Amino acid sequence: MEKPPNRSAPPFVPAYLLLIKRWLLARGLSRHASIVLLLLVLLGEAGVAVFVMLDLSRSYATVQGMYNGSVQGLVRFGDLQYEAQETRRSTLYALTTNDGNLMVEYADQSRNADRGVTRGIAQYRSQARTARERQVGQRLADDWDAYLKVRDEVLGLILEGSPKEAVHLDLSLGVPEFDRVRQDLEEIKQTYDEQASQQLATVAELSRRSMVRLGAALGFGLLLGTVAIWAIQKGRLRSAVELAKLQMDFVASVSHELRTPLTAILTAGENVRDGLASGHDRLFEQGSVITDQAAQLMELVDQVLSFSATSQVQIAQTLRDLRVDEVVDHALRATKWMLEAADFTVEPQVEPDLPPIVGDLSVLSQCLQNLIVNAVKYSNGNRWIGISARLNQQDREVLISVRDRGMGIQAADLSRIFEPFYRSPEVVAAQIRGTGLGLSIAKRGAEVFGGGLSVSTQVGVGSTFTLRLPVAKEIRRRSLAPSARTGAQL
Amino acid sequence: MAVSTRVSKVVIAIALVLARMRDPVAQAASPSAEARSKPSQFLAIVVNRSNPVNNLSFSELRKIFLGERNHWPNGHRIAIAMLDYGQPERRTVLRLVYRMDENAYQDHLLRGMFLGDVFVAPRTLASPVIARKFVFNAPGAIGYLRASDVDDSVKVVRIDGLLPDNKDYRLQIDEPRVE
């Protein structure tokens with residue numbers, strides 16, 4: 001047998017994309033899944049926002065650190081350089097005057113400036129981080145002290161009235177000492193420049209990285225949002241298509257179900273009209289066909305109306321306490337003709353002394369009848385049905401089960417058999433007639449009275465459908481389920 | 001003359017008391033401020049703190065101020081700080097140390113400069129604060145200040161072994177400060 005071509009995803013497609021494609025998109029999204037997905041998108045976007053804010057905060061801290069480290073350092077360096085120049089400038093001014101008062105004033109200015117320089121050097125040394133900075137700071141402090149000693153002597157000579165000696169001393173010692181100080185300051189400036197360049201490069205890299213991260217985060221958010229919207233829209237579209245398909249199937253199925261008895265009624269009527277049915281027996285036979293087919297037609301219409309009523313939760317049944325055997329007997333009596341015609345064996349097994357349940361007899365009987373009819377339809381030739389009723393003490397429920405030895409239900413169909421109008425492909429292929437409403441009506445009917453319907457099945461072995469109905473005391477204790485309160489009167 | 005001097009002393013004292021009563025900050029001032037509000041009448045001879053000299057005889061002091069001695073023992077040239085004209089401290093020094101009046105002092109200075117006996121003319125400085133800074137900055141400087149104007153930036157030299165607050169200290173100002 002030729003295998004179909006391998007349609008697996010190419011190796012570069014990550015596994016999670018396949019998961020999204022197969023699980024989220026291919027199957028469509030339910031309403032709850034859509035809400036969860038939107039919440040996930042919201043959380044994702046919030047995470048992206050937090051991430052971006054943290055990133056910006058880190059960038060700001062780095063820039064601030066750079067400003068404190070380099071820009072303010074350069075400002076301090078500028079002050080230091082100015083004060084050093086002022087120290088020397090004031091000393092030289094003192095040389096240019098014969099006024100003792102001005103000399104003292106210039107000397108005072110020089111000393112004030114040198115105190116500023118000394119403070120600046122101490123601050124630089126205290127903030128030095130690298131060995132080079134510490135080394136330069138130490139050298140500057142030593143050179144500055146050496147210059148100040150010369151400066152003091154020069155000032156002394158000026159004030160003592162020895163300007164020539166002062167000039168000589170300044171040229172021979174003061175100028176070289178101050179040049180050394182200037183070189184030290186230039187070296188400090190160079191270290192600041194290098195630091196600023198490095199930090200500028202760091203900021204540029206940080207900025208580039210932030211832009212990349214921001215772009216990636218926004219792209220991720222956009223992608224996530226797009227995927228979510230696409231998935232939700234696809235889910236809605238799929239639901240609408242499925243609903244339309246189910247409605248089309250329903251119309252086709254109902255039309256077929258209507259056409260069959262109508263054809264039989266039409267044929268029997270024509271036989272009577274055309275005189276083909278003569279004699280009492282023949283007329284009785286044709287009349288029976290008409291009444292039987294009309295009854296079947298009535299049943300079909302009732303089922304559709306019943307589904308319509310239960311789907312809109314507009315049942316206004318008269319609720320009362322019901323005996324379980326009463327419900328079972330009612331359903332068996334209603335389906336007796338069909339069971340006998342099909343030659344089925346029915347084994348009822350109702351536990352004695354079961355507590356009463358609350359409900360409407362006709363509705364609950366209809367639920368049970370639908371299950372019995374299904375057991376007959378899908379018996380696969382095994383003409384046996386077991387009906388049992390027992391008490392679940394733990395949950396205070398009565399369990400009414402209808403068991404068959406028929407074809408069973410495929411696992412893929414289990415999640416959909418209670419959907420209205422749904423009919424499995426195998427059943428359709430086997431040309432087993434039906435509307436796809438029976439199980440939906442049974443489940444809805446049980447839920448109206450606070451109960452439910454479940455199934456256990458095995459393909460080729462058979463199925464067991466179980467109606468779960470709360471006992472009368474329990475349902476009163478629960479103050480009625482919300483569904484029971486709707487349109488019901490206790 | 002003596003009466004007018006006493007009257008001016010009383011007037012200045014009253015003015016100082018009134019000014020102090022008006023100024024609450026001055027009322028809570030430190031002892032040094034208190035001392036400044038009552039100027040000392042003793043004249044301290046001050047030198048640079050690096051000067052090794054601690055004591056001078058009165059005759060040595062006179063020689064220094066007259067320009068007869070030009071260098072300190074450590075080799076630094078002596079630089080004399082004189083307060084400006086009209087200051088009581090200046091008049092006291094002229095009277096007690098130079099034993100001259102202002103005119104005689106000017107004549108002495110011109111003659112000394114002309115003959116080369118005086119190498120460097122004394123620096124005439126505007127206020128005691130500038131004089132104190134001058135002495136602080138010049139290693140060979142010598143000057144005079146009221147004892148209340150002295151601080152740690154300069155060193156007070158004993159005169160004949162006496163400090164300004166000692167008994168029998170000779171350099172006393174007999175007139176109030178001119179503000």
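Does A:Leu200 count as buried or exposed, and why? A:Leu200 counts as exposed because it has 12 C-beta neighbours inside 10 Å. (Buried takes 20 or more other C-beta atoms within 10 Å of a residue's own, exposed 12 or fewer, and partly exposed lies in between, with C-beta atoms placed from the backbone.) This is a predicted model, in which local features need pLDDT of at least 70 and side-chain atom pairs count only at pLDDT 80 or more, while totals for chains, interfaces and linings use all residues. Residues are numbered from 1 along each chain as its sequence is written, and chains are lettered from A and ligands numbered from 1 in the order in which they are written.

**Around A:Leu200**
- A:Leu200 sits in helix 5 of chain A, residues 163–273 (helices are DSSP runs of H or I with at least four residues, numbered from the N terminus).
- Its C-alpha atom is 9.8 Å from that of A:Ser70, although 130 residues separate the two along the chain.

**Confidence**
- The average pLDDT of chain A is 82, and 86% of its residues score at least 70 (pLDDT is the predictor's confidence in each residue, from 0 to 100).
- In residues 1–13 of chain A, pLDDT is below 50, and this stretch has two contacts beyond near neighbours in sequence (a contact means C-beta atoms, placed from the backbone, within 7 Å).
- Where pLDDT is low, predicted coordinates should not be read in detail.

**Where chain A meets chain B**
- Contacts link 11 residues of chain A with 16 residues of chain B.
- On chain A's side, helix 3 (100–126) and helix 4 (131–159) each supply at least two residues.
- Helix 3 of chain A gives the largest share, five residues.
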